[in-house]
Amino acid sequence: MPTINDIINAGMHRDPRWTPHPDQPNGTKKSATYRNRRGDVIAIDLSSGDENAIWTLTRLVPETLLPAIRREPYPMSRSRNSNLSVRELKGKPLVRLYPATREEAHQLVEHFAEL
């Protein structure tokens, strides 16, 4: 059974507002990284199971953005695995968002697509 992130990833792959990141055009086994039209990057964590984690730059996530969604700051001093090594995310403060429902995940993707 596909996870919420599997479904979101498939939708983003077909959505003309998103393009696969050129550093990882086919993603990895663990993540799929996309750019919106403005060049902002989000990474869909395909290995987070039921947690449905989505990564992006901290500056793109105001506290007012869907405040009910659990989030985890990921400071720039914390090491990155290779799934988050694209140049826009490398060495930057990130936030990991955990949407609990498909609708929450969809709202996040819509927000980031329209930046």
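Predicted model: local features only at pLDDT ≥ 70, side-chain atom pairs only at ≥ 80, totals over all residues.
**Start of the chain.** Select Met 1, which sits in the segment before helix H1. Its relative accessibility is 100%, so Met 1 counts as exposed, the cut-off for that word being over 50%.

**Largest pocket.** Next select Ile 7, Ile 8, Gly 11, Met 12, Arg 14, Asp 15, Arg 17, Arg 102, His 106, Val 109 and Glu 110, the lining of the largest pocket. The space inside the largest pocket is about 160 Å³. By type, the lining has 5 charged, 4 nonpolar and 2 polar residues. Colour helix H1 (4-14) and helix H2 (102-113), each of which supplies at least two residues of this lining. H1 gives the most, with 5 residues.

**Helix H2.** Keep H2 selected and look along its length. H2 has 12 residues, and from its first C-alpha to its last it reaches 16 Å, close to the 16 Å expected at 1.5 Å a residue.

Which residues of H2 are buried? Select Glu 104, Ala 105, Leu 108, Val 109, Phe 112 and Ala 113 to see them. Val 109 is also part of the lining of the largest pocket. In an α-helix there are 3.6 residues a turn, so residues three or four places apart point the same way.

**What covers H2.** Finally, show the elements that cover the buried residues of H2: among them are H1 and the strands E1 (18-20), E2 (31-36), E3 (41-45), E4 (54-57) and E6 (94-98).

Note on methods
Residues numbered from 1 in each chain as written. Heavy atoms only, no water. 1 Å grid on protein atoms, 1.4 Å probe; cavity = no way out; pocket = protein on both sides within 12 Å on 5 of 7 lines; lining within 4 Å. Points joined across faces, edges and corners; volume = space filled by probe spheres on them. Helix = DSSP H or I, 4+ residues; strand = E, 2+ residues; numbered from the N terminus. Nonpolar A, V, L, I, M, F, W, Y, C, P; charged D, E, K, R; others polar. Expected span 1.5 Å × (residues − 1). Buried < 20%, exposed > 50% of the residue type's maximum accessible area, 1.4 Å probe, protein only. Contact = heavy atoms within 4.5 Å.
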